Amino acid sequence: MNTEEARRFIDDLAEVREFRMLVYTGGEPTVRPDVMDLLAHSKAVGFQNVIATNATLIDDNMARELRKNGVVGAAVSLDAPTAQTHNFVRNSPSAYELAMRGIRAINKAGILLQINVTAMDYNFAFLNEMIDMADDYRTSIMLMYQLVPVGRGERIEAACLDLEENERLLKFLGNKQRTARVIIEPVAGPQYWPYLLESKGITGALPLQLAETVFHGCTAGRGFVYIKPNGEVWPCPFVPVNCGNVRNQSFSEIWGTSPVFNDLRYRETGLKGKCGDCRYSSICGGCRGRAMAMSKGDYMAEDPSCFIPERSRNGRSQVARSSKERGGLSKG
């Protein structure tokens, strides 16, 4: 989208009151020549701006400009706490050094720092150290992504976490959160929320109803949407389903009438397999991106990475075990 199209979309989005935060992501949003103009425009119409970045282009001057144009949070992608692994994943000899410069500039400018990590084979052993590092840099939020084999991720599907690794990861995060100052939130791992409830013995009908007001599980198409650079509207980056295009249709119309969004908005009645029979469908619902990728196209299929036992509405245990064995957090 050109500048005029992007500004028109921002104005249209502002009319949908459910959305008050606009995240500029990519690719790398700081390479877009008009990004400051667009940030200023979305600030003017009432959005809280967040920028998701590799931080390699952010110095003190840019950080100040971002703050001036309404950026309240910067989500910096890190793959490891060391230059060797981060630079390997990023395929750049200077990515880590420049990202650290960007993090320091973000802190100096008074912008809330968020660290985004994708948990995969390459960095699984370093996650404990990465959370400690996030605390050292006064990070407010850490999003712990799991690799979902969509887009370019299909080429490294073997690096995705399996069921047992998902379980180890989410249990590790729950234990680590006891001492970490940074708020850790899994992405593509909504089983975290029912795990926390079950670990505290919170399983009755009334507590679950109360929990539904706090935990919303997979947010694809439910309070979260993804706008592609060409204007296509997807439920999330991991659910590559084109629901319409804001270059020739209003976002409010797409959001209100798309059958895909309706499926996801009222997913409790349409989920399939184990997810469809699960009592945690409201506070988890499975990762719709992983379900779609692993079923080869069905975004309402069951999520094969769930490890929560005794999870069905009728009390039957439906947990499965993977035969895949691989190193994990025990190495870290």
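Val-76 stands opposite Ile-115 in strand β4, within a sheet where two strands count as paired if DSSP finds at least two bridges between them. The model is predicted: local features need pLDDT of at least 70, side-chain atom pairs count only at pLDDT 80 or more, and totals for chains, interfaces and linings use all residues. Residues are numbered from 1 along each chain as its sequence is written, and side-chain values use heavy atoms, with hydrogens and water left out.

**Overall make-up**

- The protein chain holds 13 helices and eight strands; helices (H or I, at least four residues) and strands (E, at least two) are DSSP runs, numbered from the N terminus.
- Of the 332 residues in the protein chain, 52% are buried; buried means under 20% relative accessible area, exposed over 50%, and partly exposed in between, with a 1.4 Å probe and protein chains only.
- Among contacts (heavy atoms within 4.5 Å) between residues at least 6 apart in sequence, 69% join residues at least 24 apart.

**The six-stranded sheet**

- Six strands form an open sheet in the order β1-β2-β3-β4-β5-β6, with parallel pairing.
- Its edge strands, β1 (21–24) and β6 (183–187), each pair on one side only.
- On average, neighbouring strands of this sheet are turned by 20° against each other, direction ignored.
- Strand β3 (residues 71–77) pairs with strand β4 (residues 112–119) in the parallel sense over five bridges, and the bridge partner of Ala-74 is Leu-113 in β4.
- On pairing with strand β5 (residues 141–146), β4 makes six bridges, also in the parallel sense; here Thr-118 stands opposite Tyr-145 in β5.
- Because six of its eight residues are buried, β4 is largely enclosed by the rest of the structure.

**Nonpolar core**

- The largest nonpolar core has 94 residues, and those with the most contacts inside it are Leu-127, Met-144, Leu-173 and Phe-251.
- Helix α5 (residues 95–109) gives the largest share of this core, seven residues.
- Such a core is a set of buried Ala, Val, Leu, Ile, Met, Phe, Trp, Tyr and Cys residues joined through side-chain atoms within 4.5 Å.
- Leaving aside residues up to four places away in sequence, Met-144 touches Val-117, Ala-119, Leu-127, Leu-169, Leu-173, Ile-184, Glu-185, Pro-186 and Val-187.

**Packing of α2 and α3**

- Helix α2 (residues 35–44) packs on helix α3 (residues 60–68) at an angle of about 30°, with their axes 9 Å apart; axes are lines fitted to C-alpha atoms, for helices over the stretch in contact, and angles run from 0 to 180 degrees between N-to-C directions.
- α2 and α3 are therefore roughly parallel to each other, a term for angles under 35 degrees.
- Met-36, Leu-39 and Lys-43 in α2 meet Met-62, Glu-65, Leu-66 and Lys-68 in α3.
- By class, the contact of α2 with α3 has four nonpolar, no polar and three charged residues.

- In helix α4 (residues 83–90), Thr-85, His-86 and Asn-87 are buried, and their cover includes β3 and α5.
- Asn-91 follows α4 and has a positive phi, near 55°.
- Helix α13 (residues 288–295) is largely enclosed by the rest of the structure, because six of its eight residues are buried.
- The buried residues in α13 are Arg-288, Gly-289, Arg-290, Ala-291, Met-292 and Ala-293, and they pack against β5, α11 (259–265) and α12 (273–276).
- Lys-296 follows α13, with a positive phi near 65°.

Notes: Angles under 35 degrees count as roughly parallel, over 145 as roughly antiparallel, 65 to 115 as roughly perpendicular and the rest as oblique. Ala, Val, Leu, Ile, Met, Phe, Trp, Tyr, Cys and Pro count as nonpolar, Asp, Glu, Lys and Arg as charged, and the others, Gly among them, as polar.
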